[in-house]
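Open the model in a viewer and keep the selection panel at hand. The stops below go from whole chains to single residues.

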Amino acid sequence: MTLPTIKALAISEEVTVAPRKRWFHHAKGRQAVLVNILLSLGAITMLVPFLWMVLTSLKSPAELAQFPPTVFPQEWMWSNYAATLDAAPFGLYFRNSLVIATTHTLITIALGAMAGYALARIYFRGREAIFLAFIAMLMIPTYTKIVPQFLLVKFMPLFGGNDILGQGGSGWLDTWWALIIPGGLSASAIFLFRQFYLSLPKDLEEAARIDGLGEFRIFAQIYTPLIKPAIATVGLLTFQESWNNFLWPLLVTTSSDLRVIQVGLAVFQQLDNTQWQYLMAGTTMATVPMVILFIFAQKYFIQGFTNAGIK
Amino acid sequence: MTTTDHRPARVAKAASVPGTATAPPRKRKRISMAEKKRRRAGWLMITPSVIHVGLWTLIPVIATFYLSFTDYGIFSAPKWIWFDNYVEMFNDPVFMQSIGNTIWYTFWTVPVSMAVAVVVAVLLNQGLKLQKFYRTAFFLPQVTATVAIAMVWLWIFNPQYGLLNAGLEAIGLPGQAWLVDPQWALPSVILVGAWQGIGIKMLIYIAALQNIDESLYEAASLDGASAVRQFFSITVPMLKPATFFVFIISIIGAFQVFDQIYVLTDGGPANATTMMTYEVYRSAFQEFRMGMASAQSVALFAFLLFVTLISRRVTKEED
């Protein structure tokens with residue numbers, strides 16, 4: 001995550017998703033038809049790869065060897081999906097991805113909300129310095145930290161046969177720890193939570209304090225229920241990023257048991273790159289959860305992406 | 001912001017101003033008692049995050065700079081070699097090519113997808129019946145995994161059975177060996193990057209368009225300005241800040257392209273599509289030269305910092 005993230009938040013604080021009426025809003029007749037044709041062509045271009053993926057996953061190998069290719073399967077091979085699950089443990093990969101993405105989401109929400117609340121609503125010494133440090137960390141590109149992150153995992157003391165100095169074993173490599181802990185929180189989540197807590201009124205906490213509530217209860221019972229949309233937004237973005245993550249799980253795992261679905265796909269393609277119907281069935285399985293999640297929670301995704309700016 | 005801020009500091013400051021220094025210490029102590037508890041709570045709440053970000057971001061960044069001056073192969077201790085990695089890196093034709101490829105990839109994907117995004121955003125902002133469907137379609141590649149998407153494109157680009165060659169043949173154009181041909185590999189990767197990058201830019205443009213004051217258009221309509229004229233003299237200038245923002249995040253994103261290279265070309269053919277990120281990956285995890293990989297990632301960081309600083313300066317001058 002990067003510097004502009006911050007700027008985006010400033011820009012798009014009050015952005016609503018629903019379109020307002022615009023200048024030739026009442027575009028009718030020829031103009032509206034033209035605009036619709038243009039947009040349909042664009043939308044089709046965007047959707048063709050997805051449709052092609054699903055159609056390919058339902059064709060027979062013989063049909064895939066035809067050129068020019070058929071559009072719709074001559075025979076709808078639904079059995080390809082069962083065969084794919086036999087060809088590679090995609091069910092296991094799917095479960096691993098699900099476990100990791102869910103855990104990342106829960107940790108990020110718990111820790112990010114607390115940190116965001118503290119930064120937004122409690123004054124303590126060093127708060128500004130910590131906040132600035134978090135912002136600086138937002139700007140660090142993935143590739144500027146990936147090598148030492150890998151080394152940290154490898155030399156994690158007292159794990160995987162390592163001694164107290166981190167020597168002698170493999171540390172967290174090829175363990176759930178490596179998959180879950182480093183990606184469990186991001187500075188951008190903390191930042192988003194801070195912005196949401198800042199936007200809430202102060203009189204609530206004053207009333208709560210008069211009632212004798214402690215700071216943790218004010219956080220958990222008064223303010224956090226008010227930012228449910230923010231929790232949904234940060235949660236969905238975290239889940240999506242974690243589900244789609246490729247490089248980190250690729251680096252830190254070797255055994256098939258710990259493979260996530262994106263890495264599983266890449267491995268399957270390298271080992272068996274002619275079975276396109278299976279590869280596309282696997283790809284469909286890797287894609288469908290995000291597509292469904294996006295369609296049902298579009299509002300939160302869009303809010304989150306407009307706020308966070310980048311993937 | 002100050003309304004939601006709790007700063008006893010202000011009270012303390014007022015008390016310490018000469019002349020008001022007679023503020024009773026008893027009162028001060030009472031404030032600090034209540035404050036003490038809150039501060040402790042604040043620290044407790046932020047400590048896990050400070051530790052996590054410190055361990056997994058701050059320390060790695062510092063380590064990257066340190067390691068870039070060393071020769072380090074994991075199995076023996078890092079050896080300090082001053083600027084040798086940097087010297088070697090800039091004399092390495094493959095790394096120089098990866099810089100060229102990265103810049104070329106960015107040079108094409110960013111403006112192309114920005115141009116498409118702004119047009120789509122403007123068209124979508126007219127309250128069409130199907131606008132939600134269109135928005136979903138354009139945004140879908142953004143939420144789905146790059147690896148999965150690249151896998152589909154790998155199949156589309158397939159020289160023998162691929163959809164793209166079939167489509168070209170249908171309109172009488174020759175097919176190509178897209179990802180295998182050194183001439184076509186980079187343009188193919190660029191096509192995928194541009195295709196995938198439209199969604200997020202479109203979204204930011206839509207948000208920016210909704211912030212434009214409607215009365216500007218009303219006034220222009222009264223003056224008889226055409227829709228096209230309104231687009232160029234109202235919409236385009238009003239979108240300037242959003243354009244800067246989109247431009248920067250797109251460059252930063254494009255410089256970090258990795259997943260689709262890994263799936264589509266593995267950096268080939270003959271390094272035609274290798275990127276700076278890909279060279280970092282190769283040095284670190286195929287050759288186990290951690291020092292060299294660190295130096296290469298410092299170079300990548302320097303490029304991104306340069307772009308960010310330049311753009312900030314430009315934006316400031318605009319203001």
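The tour starts with the model as a whole and then moves through selections in turn.

**Before selecting anything**

This is a predicted model, in which local features need pLDDT of at least 70, side-chain atom pairs count only at pLDDT 80 or more, and totals for chains, interfaces and linings use all residues. Residues are numbered from 1 along each chain as its sequence is written, while chains are lettered from A and ligands numbered from 1 in the order in which they are written. The scores of the model are ipTM 0.85 and pTM 0.85.

**Select chain A, then chain B**

Chain A has 16 helices and zero strands; chain B has 14 helices and two strands. Helices (H or I, at least four residues) and strands (E, at least two) are DSSP runs, numbered from the N terminus.

Of the 311 residues in chain A, 47% are buried, and of the 319 in chain B, 44% are. A residue is buried if 20 or more other C-beta atoms lie within 10 Å of its own, exposed if 12 or fewer, and partly exposed in between, with C-beta atoms placed from the backbone.

Contacts are counted when the C-beta atoms of two residues, placed from the backbone, lie within 7 Å. In chain A, 70% of the contacts between residues at least 6 apart in sequence join residues at least 24 apart. For chain B, residues 24 or more positions apart account for 69% of the contacts with a separation of 6 or more.

**Select the interface**

How many residues of chain A are in contact with chain B? There are 97 of them, and they meet 93 residues of chain B. Helix H2 (residues 29-57) of chain A gives the largest share of the chain A side, 13 residues. By class, that side has 67 nonpolar, 20 polar and 10 charged residues. Here Ala, Val, Leu, Ile, Met, Phe, Trp, Tyr, Cys and Pro count as nonpolar, Asp, Glu, Lys and Arg as charged, and the others, Gly among them, as polar.

**Select the annotated segments**

An unreviewed UniProt entry lists "transmembrane region" for chain A at several ranges, including 32-55 and 176-197. UniProt positions are given in the numbering used here, feature names are shortened, and annotations may be inferred rather than shown by experiment. Residues 32-55 of chain A are 100% helix and 0% strand, with end C-alpha atoms 32 Å apart. Residues 176-197 of chain A are 73% helix and 0% strand, and the end C-alpha atoms are 32 Å apart.

For chain B, UniProt (unreviewed entry) gives the "transmembrane region" ranges 136-156 and 184-208, among others. Residues 136-156 of chain B are 90% helix and 0% strand, with the end C-alpha atoms 22 Å apart. Residues 184-208 of chain B are 100% helix and 0% strand, with the end C-alpha atoms 36 Å apart.

**Select A:Leu200**

A:Leu200 sits in the loop between helix H9 (187-198) and helix H10 (203-210) of chain A. With 17 other C-beta atoms within 10 Å, A:Leu200 is partly exposed. Leaving aside residues up to four places away in sequence, A:Leu200 touches A:Tyr223 and A:Leu226. A distance to display is that from A:Leu200 to A:Arg121, 79 residues apart along the chain, whose C-alpha atoms are separated by 9.4 Å.

**Select the backbone exceptions**

Most residues other than glycine have a negative phi, and most peptide bonds are trans.

- A:Leu158, not a glycine, has a positive phi of about 65°. It lies in the loop between helix H7 (146-154) and helix H8 (176-180) of chain A. A:Leu158 counts as exposed because it has 12 C-beta neighbours inside 10 Å.
- B:Trp82 has a positive phi near 50°. Its loop runs between strand E2 (79-80) and helix H3 (84-90) of chain B. B:Trp82 is exposed, with 9 other C-beta atoms within 10 Å.
- B:Gly268 and B:Pro269 are joined by a cis peptide bond, with omega about -10°. B:Pro269 is in the loop between helix H12 (259-264) and helix H13 (276-285) of chain B.
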